[in-house]
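User: Could we go through this structure together?
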Amino acid sequence: MRNRKVMLGLLLAFVVGFFCQLAHIPVPAPPVLSAALLVFLTSCGYWLTDLYLQRCALKREAP
């Protein structure tokens, strides 16, 4: 389930970037490398927090 979410997110990001390039509109992301890195790290933090919360929930459910 977790890998599926990550793969779907990456696929969606690729599709949005692809269609933005085809339509010649600016990509909805910062054009500066440091800002793009910030967006990437924010996404990683969201993903890692989701993993952590899922593992905590599994530990609470285990006898």
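Analyst: To begin with a definition, buried means under 20% relative accessible area, exposed over 50%, and partly exposed in between (1.4 Å probe, protein chains only). By these limits Leu 11 is partly exposed, with a relative accessible area of 49%. This is a predicted model, in which local features need pLDDT of at least 70, side-chain atom pairs count only at pLDDT 80 or more, and totals for chains, interfaces and linings use all residues. Residues are numbered from 1 along each chain as its sequence is written, and side-chain values use heavy atoms, without hydrogens and water.

User: Where is Leu 11 placed?
Analyst: Leu 11 lies in helix H1, residues 2–23. Helices (H or I, at least four residues) and strands (E, at least two) are DSSP runs, numbered from the N terminus.

User: How many helices and strands are in the chain?
Analyst: The chain has 2 helices and 0 strands.

User: What share of the chain counts as buried?
Analyst: Of its 63 residues, 3% do.

User: On to His 24: buried or exposed?
Analyst: His 24 is exposed, at 72% relative accessible area. His 24 sits in the loop between H1 and helix H2 (33–61), and has a positive phi of about 55° although it is not a glycine.
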